[in-house]
Amino acid sequence: MAASRPAVTLRLSASLREKVLRSGYGTVEELRAAPIGDLASELKLSTDQIRELQHQLHPSYQTLEHEKKWSPITTSSTAIDALFRGGQGIPPGKITEICGLSGSGKTQLGLQLCINAQIPCPNGAGGTSIYVDTEGSFVARRVAQMAMSCSDKLSGVEDSTGSGTTMDAESIMQGIQYCRVHSPVELIAMIRALDGIVQAHPKTKLIVVDSISFLFRSNFSDMNLRTKLVANVGRQLAALAREYDVAVLVINQMTTKIESLNSRAQRSSEHLSGKVQPALGETWANICTHRIRLYSHMDGRRSARLFKSPTTQEQTVSFQIVGGGISDVDDTSLHVPGSPADGDMGFGFDPAEALFWEGISWKLGQVT
């Protein structure tokens, strides 16, 4: 039988701890067995003290209740939104990674979310966003175009006060804090500064880093040092998400992992094989709560595949990018590929391989 946990180990304020210890409750199990109403009456607890004690005695329940109050941020595609629990978009308090090959729509999705984070409650989060740009991918003219489209869609939509929404493109642009960084040192410094920035701007609902891998892939010869720095950046972003209930969207590039050849026969054939996977390795992969890969197919179709999520099964959906930004596919009869690489840049996909990986083979230096 498991040992009882002493009540003194609960992380309570000094005044509440004194009341609990004087009441005669010696263990956490005894406190949990007592109805919260009886505890509140017996210990003469204030409303804040009741909430504090509930959080310590039933942390899972309190976390669930807290998450129910979150306002997810829509991607403007109901299909992509459905990849997340609740079907309303990317959740606050978590890190969501978007990866894919060049031209798949990663930055477009990041820009769209920066705009949509400002949609007023109850239809949106009603906040502002921070865009950390490492690649120079932020194009203000494109953001303005998407902001105008969003403003047109929201005209006449009532907000939480019952009045009409009056978001215009200029106010939307002002709601995006933009920061350009040029080196790993600047990126690390910026991530550290985000805590103070979010405190100074409490309406912040979204942080976008585009991309997390660009500066780390070309400036390091010491891979151990790079892994430690990337893990530290990830931990800081995760802490920001939890502490301030902001959604963190991290855009990642793809890299090719060359497979080792074990047999002499394989080596003598001059045949190598490799796999395309998100950059930064497994250390970074374990930090992200959700991972979605975007695909741009040769026939013009676009799709998004959810590869990692604690709440939703893996699946593939279609979307499109139009002048106004991200949207659902107009023609619902369009085929959704059975595998994520169907028609994607000529790369094949082997279902037997690990998720995220496409099969690529080189023979005498030529892609086959």
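Biologist: Which residue lies over the face of Phe-307?
Modeller: This is a predicted model. In it, Arg-305 sits over the face of the Phe-307 ring, 5.4 Å from the ring centre.

Biologist: Turning to ring pairs, how many aromatic pairs are there?
Modeller: The count is 3 aromatic pairs. One of them joins Tyr-131 and Tyr-178, with 6.4 Å centre to centre and 25° between the planes. That pair is stacked, because planes under 30 degrees apart count as such.

Biologist: Where do Tyr-131 and Tyr-178 lie in the chain?
Modeller: Tyr-131 is in strand E2 (residues 128–133) and Tyr-178 is in strand E3 (residues 176–180). They are 47 residues apart, and the pair links distant parts of the chain.

Biologist: Is Tyr-131 buried or exposed? And what about Tyr-178?
Modeller: Tyr-131 is buried, at a relative accessible area of 0%. Tyr-178 is partly exposed, at 38%.

Biologist: What is the geometry of the pair formed by Phe-138 and Tyr-178?
Modeller: Phe-138 and Tyr-178 form a tilted pair, 4.5 Å centre to centre, with 35° between the planes.

Biologist: Which parts does that pair tie together?
Modeller: Phe-138 lies in the loop between E2 and helix H8 (140–154), while Tyr-178 belongs to strand E3, so the pair connects parts 40 residues apart in sequence.

Biologist: Why does Phe-138 count as buried?
Modeller: Its relative accessibility is 18%, and buried means under 20%.

Biologist: Which residues do ring pairs link into a cluster?
Modeller: The cluster consists of Tyr-131, Phe-138 and Tyr-178.

Technical notes: Residues are numbered from 1 along each chain as its sequence is written. This is a predicted model: local features need pLDDT of at least 70, side-chain atom pairs count only at pLDDT 80 or more; totals for chains, interfaces and linings use all residues. Side-chain values use heavy atoms; hydrogens and water are left out. Rings of Phe, Tyr and Trp (its six-membered ring) pair if their centres lie within 6.5 Å; planes under 30 degrees apart count as stacked, over 60 as edge-to-face and the rest as tilted. Helices (H or I, at least four residues) and strands (E, at least two) are DSSP runs, numbered from the N terminus. Buried means under 20% relative accessible area, exposed over 50%, partly exposed in between (1.4 Å probe, protein chains only). A charge sits over a ring if NZ of Lys or CZ of Arg is within 6 Å of the ring centre and within 35 degrees of the ring normal.
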